[in-house]
Amino acid sequence: MSSPAPGTLAPSARRLRALARAELTLLGRNRGVVFTALVVPLALPFSVRPALDQMDLRKQGISIGAAMLTAAIGFSLLFAVYTSLVNAYVARREELVLKRLRTGELSDPEILTGTALPAVTLGLAQALLLCAGCALLLDAGAPKAPYLTLLGLVAGLVLSAALAALTASFTRTVESGQVTALPLVFVSMIGSGIMFPTEVMPEKLASVCELLPLSPAIRLVRAGWTGQLSVSEALGTLATALAWTLVAVFAVRRWFRWEPRR
């Protein structure tokens, strides 16, 4: 199968770059969102350190450094990507920005992707910085299976952006976005292995929590450091992540609202 001609990809790339640059400018003007995206993922992991110290993580083959690294990346997915994008999508919709963009050359996927690019790039850069910092400062060591961590990051970033667009679909205002985003944030923090690994949960509870949307991404990130996932387990985790992504994308295509909710 022949690859697409470069000329057919260049206009789309230029449009995405222009939209992402404009969105980055708007993101930088919102100090509250910037503070939440940059500071919260760095500060919250230290709040869970006392609880982690009380757990017998060594029995599960998990170091404190690996657990805190996973928590930091999970918080980055939730706050740098998910909650900030919920606000961005709702704000652009209510300001009629999305409606105007649809009258131009941009396709619907390009509009959603271009709007998400700054937050996703920020989340990726933050995650990579956290990986380096935790490896050096918290004795997390080098990842035993770095490809699993990379797969987890990609899966988490893509799914967080898709879930943000889905949440924005039924969010009326930017202010109410702080409320509509809370269920996923709380459920993911507690059940997806962000605040503490699912390995320390009772087996039946852990098997349920592993099916939550962000659980596969978090499990892959942590497994990259511990190397505890077998090939079959890794494939099953990837399949769950892909299934959630497909469901979220389908739901966005079906229910995303381009007109203000008035």
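**Reading an all-helix pattern**

Read along the sequence, the protein chain of this predicted model runs α-α-α-α-α-α-α-α-α-α-α-α-α.

Q: How many helices and strands stand behind that pattern?
A: The protein chain has 13 helices and zero strands.

Q: What makes the protein chain as compact as a globular protein of that length?
A: Its radius of gyration is 19 Å. The globule rule gives 18 Å for 262 residues. The two values are close, so the chain is as compact as a globular protein of that length. Along the principal axes, the C-alpha atoms fill a box of roughly 60 × 50 × 35 Å.

Q: What share of the protein chain counts as buried?
A: Buried means under 20% relative accessible area. Of the 262 residues, 47% count as buried.

Q: Which residues of helix 13 are buried?
A: They are Ala234, Thr237, Ala241, Thr245, Ala248, Ala251 and Val252.

Q: How do you know that the span of helix 13 agrees with its number of residues?
A: Helix 13 covers residues 231-255, which is 25 residues. At 1.5 Å a residue, the helix should span 36 Å. Its end C-alpha atoms are 36 Å apart, so the two agree.

Q: What share of the contacts joins residues at least 24 apart?
A: Take the contacts between residues at least 6 apart in sequence. Of these, 81% join residues at least 24 apart.

Q: Which residues line the largest cavity?
A: The lining is Glu23, Leu27, Ser84, Leu85, Ala88, Thr115, Pro118 and Ala119. Helix 1 (6-29), helix 5 (64-94) and helix 7 (108-137) each supply at least two residues. By class, five are nonpolar, two polar and one charged.

Q: How much space lies in the largest pocket, and which residues are the closest to its centre?
A: About 460 Å³ of space lies in the largest pocket. Of the 18 residues that line the pocket, Pro109, Leu112, Thr113, Val249 and Val252 are the closest to its centre. Val252 is also one of the buried residues of helix 13.

Q: Which helix gives the most to the lining of the largest pocket?
A: Helix 7 does, with seven residues. Helix 7, helix 8 (146-169) and helix 13 each supply at least two. By class, the lining has 15 nonpolar, one polar and two charged residues.

Technical notes
Residues numbered from 1 in each chain as written. Predicted model: local features only at pLDDT ≥ 70, side-chain atom pairs only at ≥ 80, totals over all residues. Heavy atoms only, no water. 1 Å grid on protein atoms, 1.4 Å probe; cavity = no way out; pocket = protein on both sides within 12 Å on 5 of 7 lines; lining within 4 Å. Helix = DSSP H or I, 4+ residues; strand = E, 2+ residues; numbered from the N terminus. Nonpolar A, V, L, I, M, F, W, Y, C, P; charged D, E, K, R; others polar. Expected span 1.5 Å × (residues − 1). Buried < 20%, exposed > 50% of the residue type's maximum accessible area, 1.4 Å probe, protein only. Rg over C-alpha atoms; globule rule 2.2 N^0.38 Å. Contact = heavy atoms within 4.5 Å. Points joined across faces, edges and corners; volume = space filled by probe spheres on them.
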